[in-house]
Amino acid sequence: MHKELLSHTPLLALPIFAMFVFLAVFLGVCAITLTRKRRAYAEVASLPLIEGQAPRKDESHE
Amino acid sequence: MTTTTTIEKRTITYDDDVSRKFVFASVGWGIVGMLVGAIAALQLAWWPANVAPYLNFGRLRPLHTNAVIFAFVGNMMFAGIYYSTQRLVRAALPSKTLTAIHFWGWQAIILAAAITLPLGFTQGKEYAELEWPIDIAIALVWVVFAINFFWTLAKRTEKHLYVAVWFYIATIVTVAVLHIVNSLAIPVFAMKSYSVYGGAKDALVQWWYGHNAVAFFLTTPILGIMYYFLPKAAGRPVYSYRLSIIHFWALIFVYIWAGPHHLLNSALPEWAQTLGMIFSIMLWAPSWGGMLNGLLTLRGAWNKLREDPVLKFFAAGITFYGMATFEGPLLSIKSVNGLAHYTDWIIAHVHAGALGWNGLMAAGMFYWMIPRLYGTKLHSTKAANYHFYIGTFGILLYVVAMWTSGITQGLMWRATNADGSLQYPIFVETIDAIRPMYWMRLIGGTAYLAGMIIMAWNLWKTARAGKPVNATAEVVIEIEEDKVPWTGIVFGKPVILTAVVGGLGGLFLVTNAMAGLFFVTVAVSIALAGALAISAADKAKGGEHLWHHLLEGRALIFVALTIIAVLIGGVAELVPTLLAQPDPQTLASAHPYTALELEGRDVFVREGCFNCHSQMIRPFTFEQQRYGDPSTMSDSQFDHPFQWGSKRTGPDLAREGGKYPSLWHYNHMIDPRSVSAGSNMPPYAFLATGKLDLARTPDKLHAMKSIGVPYTDRDIQLATSAAKKQGDEIASDLKGQGADVAGDSELVALIAYLQRLGKQPETKTTTTPIAENK
């Protein structure tokens, strides 16, 4: 398929390459993020609540 | 890597005055924008509502869209961003001057739009209609906003940037890029310019901008607002912070690619259409990830919805976000798009997003903020609940009406008899069929507007009952002096991994040594295995100094990576088309518009005819039967701006030239119903008395020449006389048939333009293009 695409202009390598970068980043972000424990993010996830009441433990999702 | 920590106590007073101003500006402009929308809806259902030239549908519709997008949502977004950012980064806004310039500058821009659009000053590009001086003002005010925002980040005492702030960063940098690239135009005089892009190039840039205006103006800032205000209102943190990280990066990487789904089945190169379709379908995943993250934040707090109108609005708004982001990818599938495009289905989709997602989230945020900004309680919870129910009813009525109308239109356009002929060959038959839906839409929209007015009253009473409060917070700040150098982040393992995988992919591509499934499998495996290895290594170190965690504390690097993420898609998609050279043979046989036709085209653009008439015949049999041969790229190569349109309230005009005699067009403009019974088009009799300023015509040709339209110096010199001559011939022809109109009238110029569409000029008459063949 990409041969047909490149037959128009070599510049069309750009979208293929960019799509490829996206795929690598996406999978990387997924793997790095999802292999972390939820509680690793608990503190930062509570940032909006700091000025108000802190969430009760049973209300926290993390 | 070492870290030193000092502890300091500081009192912070937030600048909440600007949020108060933006909230009330949003509510006020929102009511204006929706009122104009209701008038436009009435005009479509009942044409006599087009009461004056400057209030015709073609001029009001851009006013409606600009007011709702940039005035209502824009002001709401600024209110939310300023309020939440100060609290999230624990720093007050740094400059009252910049804040004032931002607020008043933005209101001045809106006012300028409200004046110039009805006067017919437009660039003719949807959601980017404003003329070049206003475009420059937008860029400048946006830069002021950016400086104010990033200066606040620079002053922050909370090192970590919460996910909401990432979405704000993406909004600020991407909107700047989109606006500048799409607005590039060559000025002709004070309020007139031509887009530097033409035809398919202009279409691609415009919808790259148009779609991402939805993405980065109507979506990402509101998602940031969701990630801040929803946890506040629910009293619990976001359901999954991990999901929000994936949501953010996936969304900004994918969204920027999806623009060409507005141009499916058009003359745009097939590869660009395919990219647009694929990325639009991929967009469903991050969008729903965000939507579920929002709704699940309410887990365990659903009972609060009974009492709290704020949560009602948020829950319904996020649900509409889910619905609209399911419908968007669905509409981007080429076959579905073949049915839905140019119909009211798209209008339903847009309003599910604008009224449902943006409007309800705005209401929820306002009801939450105003009592706190005035140190009091909401004046009437009952009225807020009433607003919620009448607003939701209004949206549903609106959307159902437009779904029904759109699918009816789409099916009627393609319906054929047993012999293959069109079942509804007269376009206006389809308008007659959907007219009841137009009335239903008007009722739905009016109900929503009524809800907005109730909210305005409620917020005003709340503000009157309290006093403006600038929140003060005394915080214990831990100032960490992080010794991780910037190179540790920029050249961190994930970046290196991406570069390696990307480079490997590029190498495969260039050498063409491997292809297909193997090519993808190897790359994916490397990316996945590498990322897992990095994660495992981080864990082994006890989880300190995680790469992404470090990144979230470095605003500048975060901004840079966001820009790269956004630009990768934009550049890769736009550059191949923008650099493509037209086929020399096609160029040689093509003729630019004559001077008079160009003047007529300007009238067409000024009156906003593209709001109802497309100029793009799709390669479907039923379209060929109705309109003629499918449009090609060369048909519109000299069109600055392109006029492919996005909606057919009237028929396509791509091959209108020669279909009817000039007298028919004359009568149609004076009284559309005299030749097309049942038409809902406004009358344009005022064009018969409107005079062209032919002294300016050479300047227009000159501007066109400077952006690549092949006019010669002689064409430019003789433009005025050639236009007058062609106009007099058409007027003489009309006079012979009983229609008396001056040759230099706007109506004659418009007829000249319409008669040219889809046709190359005859070579022996004076209507011959004055440009030389090249």
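Let's begin at C30(A), a residue that is buried, with a relative accessible area of 15%. That figure counts as buried because the cut-off is under 20% relative accessible area. Keep in mind as you look around that this is a predicted model.

As a reminder, a disulfide is a covalent bond between the sulfur atoms of two cysteines. Take C609(B) as an example. Its nearest cysteine sulfur belongs to C612(B) and lies 8.5 Å away. A disulfide needs the two sulfur atoms within 2.5 Å, so C609(B) is in no disulfide.

Now step back to chain B as a whole. Chain B contains 29 helices and 4 strands. Of its 774 residues, 63% count as buried. The accessible surface of chain B comes to about 28,000 Å², and carbon and sulfur atoms account for 66% of that surface. Among contacts in chain B between residues at least 6 apart in sequence, 84% join residues at least 24 apart.

Finally, follow one helix, α14 of chain B, which runs through residues 427–465. With 39 residues at 1.5 Å a residue, helix α14 should span 57 Å, and its end C-alpha atoms are 56 Å apart, which agrees. Along the way, look for I434(B): α14(B) bends there by about 45°. A proline, P436(B), follows within four residues of that bend.

Key:
Residues numbered from 1 in each chain as written. Chains lettered and ligands numbered in written order. Predicted model: local features only at pLDDT ≥ 70, side-chain atom pairs only at ≥ 80, totals over all residues. Heavy atoms only, no water. Helix = DSSP H or I, 4+ residues; strand = E, 2+ residues; numbered from the N terminus. Expected span 1.5 Å × (residues − 1). Bend = angle between axes of the 7 residues up to and from the residue. Buried < 20%, exposed > 50% of the residue type's maximum accessible area, 1.4 Å probe, protein only. Contact = heavy atoms within 4.5 Å. Areas by Shrake-Rupley, 256 points an atom, 1.4 Å probe, with all protein chains shown as cover.
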